[in-house]
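Okay, thanks for making time, everyone. I'd like to walk you through one structure, so let me put it on the screen.

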Amino acid sequence: MTSDHAATGTMQAFVCRRYGGPDVVELADVPKPVPRDNEVLVRIRATTVTSGDWRVRTLCVPTGLGLVARLGLGFARPRQPILGTELAGTIESVGKDVTRFRVGDEVFGFPGGTMGCHAQYRAMPENGGLARKPANLSYEEAASLPFGASTSLHFLRKAGIGPGDKVLVVGASGGVGTAMVQLAKHRGAEVTGVTSTNNLALVSSLGADRVIDYTKDDFTTRRETYDVVVDTVGRTPFARCKPVLRDKGRLLAVAAGVPEMLATLWAPLTGSRRVIAGPAEERVSDLAEIAALAETGALKPVIDRRYGFVQMAEAHAYVETGRKRGSVVVLVEPPR
Ligand SMILES: NC(=O)c1ccc[n+]([C@@H]2O[C@H](COP(=O)([O-])OP(=O)(O)OC[C@H]3O[C@@H](n4cnc5c(N)ncnc54)[C@H](OP(=O)(O)O)[C@@H]3O)[C@@H](O)[C@H]2O)c1
């Protein structure tokens with residue numbers, strides 16, 4: 001940001017004015033947010049491009065959810081043109097009623113579905129998805145955690161995963177999978193990760209007890225059974241998964257389309273196994289839990305690539321390959 005920006009009350013942000021490929025995100029001068037009385041203004045140091053940003057930018061959503069997505073996100077173009085679900089930075093200013101934060105505090109945050117983090121500044125309610133950045137994490141590490149970890153916490157809670165449960169994570173090397181493996185282990189589960197040859201070592205390093213290389217082996221045809229199967233890829237329908245689910249087993253369909261959402265209703269009518277699907281609840285309290293887990297080392301950031309702010313479209317293009325390992329971080333230009 002130049003001194004002109006400061007004088008005119010603008011900032012730089014990437015805006016997405018239509019659905020499409022990575023190049024639809026364009027750098028623009030937009031109004032710098034002014035925090036309300038209960039809000040803080042965060043100067044963003046690091047943000048990420050997630051699978052969530054890819055879905056919103058492309059409107060490429062799981063089976064049967066196209067119309068719902070347009071209604072929710074914007075019919076012809078994203079209603080929120082600034083994407084980006086997670087951030088880390090410093091508090092630049094505070095509204096008059098703010099008591100939890102002070103200017104200069106180092107924070108990380110998860111506006112989640114309300115997005116707006118691909119920018120130099122983001123105003124956030126002090127009681128929204130914002131917490132102090134763990135001291136042992138850099139800005140980029142802190143920004144990389146909330147999306148995958150909060151999704152994982154939601155599904156772990158829903159499934160009630162605890163000590164001794166046998167859990168299989170499909171897509172164990174992705175943003176959600178890398179957090180899920182670590183958090184399921186932290187809860188005392190016995191974890192198997194499913195990934196490709198290149199990522200076997202990564203998934204083992206996150207604490208998985210076993211890894212299955214999906215390029216060589218199909219977990220649905222092995223004799224092994226599980227209490228919980230977490231599918232972060234969206235290619236394991238309930239019918240395929242059922243033989244490897246134990247009595248009262250649960251399929252956590254993280255990337256579910258309409259068929260798996262319907263299965264949440266009919267599965268209980270046909271047996272003891274369950275399907276858990278749908279959008280993850282974004283709980284403000286999760287951020288404090290994520291910070292605490294990161295402080296103790298129970299949850300470690302996994303950063304695949306780092307991009308400069310002006311390389312935002314390149315970051316989107318890489319995420320769109322579907323091959324990223326953990327998180328893709330974007331370092332936000334310091335205002336000048
Ligand atoms: N329900 C919710 O609220 C919610 C919240 C967050 C995310 N999601 C959804 O969850 C899904 C995963 O998100 P994410 O952020 O983890 O995505 P991601 O980081 O983009 O996932 C990329 C990873 O997927 C792995 N992968 C691709 N195909 C695979 C296969 N057939 N088997 C095993 N692994 C495979 C890749 O590993 P390889 O290169 O080794 O194949 C790569 O490491 C997305 O569809 C996202 O929309 C849902």
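Now the ground rules. This is a predicted model, so local features need pLDDT of at least 70, side-chain atom pairs count only at pLDDT 80 or more, and totals for chains, interfaces and linings use all residues. Residues are numbered from 1 along each chain as its sequence is written, and side-chain values use heavy atoms, with hydrogens and water left out.

So, Pro301. At 24% relative accessibility, Pro301 counts as partly exposed. You'll find Pro301 in the loop between α10 (284-296) and β14. Pro146 is 155 residues away from Pro301 along the chain, yet their C-alpha atoms are separated by 9.9 Å.

Let me do a few other loops the same way. Pro237 sits between β11 (226-231) and α8 (238-241), and because its relative accessible area is 38%, Pro237 is partly exposed. From Pro237 to Ile303 is 66 residues along the chain and 29 Å between C-alpha atoms. Asp37 is in the loop between β2 (25-31) and β3 (39-49), and Asp37 is also partly exposed, at 38% relative accessibility. Asp37 and Gly308 are 271 residues apart in sequence, and C-alpha to C-alpha they are 32 Å apart in space.

Buried or exposed, what is His118? His118 is buried, because its relative accessible area is 1%. In sequence His118 is 214 residues from Val332, but in space the C-alpha atoms are 8.1 Å apart. The other one is Met115, in the loop between β5 (106-109) and β6 (121-125). Met115 is buried too, at 5% relative accessible area. If you like backbone torsions, Met115 has phi near 55°, which is positive in a residue other than glycine.

Lys248 is another non-glycine with a positive phi, about 65°. Lys248 is in strand β12 (residues 245-253), and at 58% relative accessibility Lys248 counts as exposed.

On to the rings. In general, you describe a pair of aromatic rings by the distance of the centres and the angle of the planes. The rule here is that rings of Phe, Tyr and Trp (its six-membered ring) pair if their centres lie within 6.5 Å, with planes under 30 degrees apart called stacked, over 60 edge-to-face, and the rest tilted. That rule gives 2 aromatic pairs. One of them is Phe14 with Phe309, edge-to-face, at 5.1 Å centre to centre and 85° between the planes. That pair links distant parts of the chain: Phe14 is in strand β1 (residues 10-16), Phe309 is in the loop between β14 (303-308) and α11 (312-320), and they are 295 residues apart. Both Phe14 and Phe309 are buried.

We also have charges over rings, where NZ of Lys or CZ of Arg has to be within 6 Å of the ring centre and within 35 degrees of the ring normal. Lys32 lies over the face of Tyr121, 4.3 Å from the ring centre. Lys133 does that with Tyr139, at 5.2 Å from the ring centre.

Last stop, the ligand. How many residues surround the ligand? The count is 26, and the closest are Arg55, Ser196, Tyr214, Ala280 and Lys324; a residue is near if one of its heavy atoms lies within 4 Å. α5 gives the most to that shell, with 3 residues.

A ligand oxygen is 2.4 Å from a side-chain N or O atom of Tyr214. For the side chain of Thr195, the distance from an N or O atom to a ligand oxygen is 3.4 Å. Gly175 uses a backbone N or O atom, 2.8 Å from an oxygen of the ligand. Taken alone, the ligand exposes 930 Å², and the protein buries 87% of that, with areas from the Shrake-Rupley method and a 1.4 Å probe.

Definitions and conventions. Helices (H or I, at least four residues) and strands (E, at least two) are DSSP runs, numbered from the N terminus. Buried means under 20% relative accessible area, exposed over 50%, partly exposed in between (1.4 Å probe, protein chains only). A polar contact is a pair of N or O atoms within 3.5 Å; within protein, one must be able to donate a hydrogen and the other to accept it, and residues adjacent in sequence count only if both atoms are side-chain atoms.
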